[in-house]
Amino acid sequence: MDRSCERKAQDEQFDAIRRLIEGAQTIAVCAHTSPDGDALGSQLALVELIERTWPGKEVAALLADDDVVPRTYAFLPGSERLVRACAYGASPDLFICVDLSQPGRLADARAVLERARRSAVIDHHPGAEPFWDAGVVRTDAAAAGVIVAEFAQRVAGALTPTMAQCLLCALVTDTGRFQYQNANGEAFRVASMLVDSGASPADVALNVYQSDRLSYVHLCATVMSRITTFEQGKIAYSYATAADLAAAGVPVAECDGLVDLVRVVEGTEVALFLKEVPGGRVRGNLRAKTDRDISGIAREMGGGGHPAAAGFTVEGDIDEALSVVLPKLRALYACAKGTGTFARSAEG
Ligand code: 5GP
Ligand code: MN
């Protein structure tokens, strides 16, 4: 599909979402489990958009998990109104998923989706199997926030400074400050529009990247000191145990940035970060610095994500998780040997 056809298809889906909103009195908006800056920023902007454009509707902003708002994102306008899905007893007329299109990633909010009369989706993750009444899932969008911004322009024309701030946070975090492979022209164009609408890049940077607790910075030092490389330096890995997190007083939900410490090593192409999470499980973050697709490995580990940024959760401790995932990462390179070309993962 060329760009103008894609645009038209997106506008048609936007109009279908608009009709669903117009036909609903109670609406729940929810993003994925372990929410990041794109999940929360996109969700809060969409909630504000609906309330301003269609006053009188009852809109709930749900957290998928029975957990607090991550400290890093508490600065987002509207974050104080997020409600845990397990504490939301209503059956909404409409349930809107933002930054996810797999019900399995809704955690406690899945039950709310199942009770809802209708559903809509705005997402940019690959691998969706449509279950919704209307939706836009565009994997070339750098962030779900890009699509929410375009939806806001279509239904409201202009964005408020608070919506723009939430969406700029979504874009900045999902593009790694416009440094990852997904930072395309559309991401910059939308970011420019958001700044013109009142978003402050300096405020986003101050809150997200320059407001770490000292104990977290010390945890970063531990994680950096443990970085190990494999396959002639192509794979880099580090980890944090439950004891590390407890000693630093850092909640699991606030460790999103640790994988970025691993990727900085010269010559590395794949970064892996593992941390122990409650319930005897390990959460893994995978990142690719080249066009090598690591999402297939995340899926094999029971998770998923984008080609260059994916995650998974497995039972066991760090050693057990490493013993399963490391051979898979090494196999990416083993296949390439002898052919002189880069191998992609099975699904790549
Ligand atoms: P992160 O490593 O930051 O948790 O996630 C990177 C990307 O992969 C995000 O877009 C996230 O939504 C996605 N992702 C992380 N974990 C999972 C998972 O368990 N399942 C699926 N389907 N996607 C995931
Ligand atoms: Mn996202």
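Tutor: This is a predicted model, and we will take the ligand site and then a pocket.

Student: Which residues come nearest to ligand 1?
Tutor: Arg105, His125, Arg283, Asn285 and Arg287 do, out of 14 residues around it.

Student: What makes His125 a polar contact of ligand 1?
Tutor: The cut-off is 3.5 Å between N or O atoms. A side-chain N or O atom of His125 lies 2.6 Å from an oxygen atom of ligand 1. That is within the limit, so the pair counts.

Student: What about the backbone of Ala310 and Gly311?
Tutor: A polar backbone atom of Ala310 is 3.4 Å from an oxygen atom of ligand 1. For Gly311, a backbone N or O atom is 3.4 Å from a nitrogen atom of the ligand. The limit is 3.5 Å, so both pairs count.

Student: How much of ligand 1 does the protein bury?
Tutor: Alone, ligand 1 exposes 490 Å², and the protein buries 86% of that.

Student: Why is ligand 1 said to lie between domain 1 and domain 2?
Tutor: Because domain 1 (3-208) and domain 2 (214-330) both give residues to its shell. Strands E10 (281-288), E11 (304-305) and E12 (309-315) each supply at least two shell residues.

Student: How do the shell residues divide by class?
Tutor: There are 2 nonpolar, 9 polar and 3 charged.

Student: Now the second largest pocket. What is its volume, and which element gives the most to its lining?
Tutor: The space is about 160 Å³. H1 gives the most, with 4 residues. Strand E6 (134-137) also supplies at least two.

Student: What makes Glu6 a lining residue of this pocket?
Tutor: A lining residue has an atom within 4 Å of a pocket point. Glu6 is among the residues that line this pocket, so Glu6 meets that limit.

Note on methods:
Residues are numbered from 1 along each chain as its sequence is written. Chains are lettered from A and ligands numbered from 1 in the order in which they are written. This is a predicted model: local features need pLDDT of at least 70, side-chain atom pairs count only at pLDDT 80 or more; totals for chains, interfaces and linings use all residues. Side-chain values use heavy atoms; hydrogens and water are left out. A residue is near a molecule or strand if one of its heavy atoms lies within 4 Å of it. A polar contact is a pair of N or O atoms within 3.5 Å; within protein, one must be able to donate a hydrogen and the other to accept it, and residues adjacent in sequence count only if both atoms are side-chain atoms. Accessible areas come from the Shrake-Rupley method with a 1.4 Å probe; for residues, only the protein chains shown count as cover. Ala, Val, Leu, Ile, Met, Phe, Trp, Tyr, Cys and Pro count as nonpolar, Asp, Glu, Lys and Arg as charged, and the others, Gly among them, as polar. Domain bounds come from an automatic or database domain assignment. On a 1 Å grid over the protein atoms alone, a cavity is a set of points where a 1.4 Å probe fits but cannot get out, and a pocket is an open set with protein on both sides within 12 Å along at least five of seven lines; lining residues have an atom within 4 Å of a point. Grid points are joined across faces, edges and corners, and a volume is the space filled by probe spheres set on the points.
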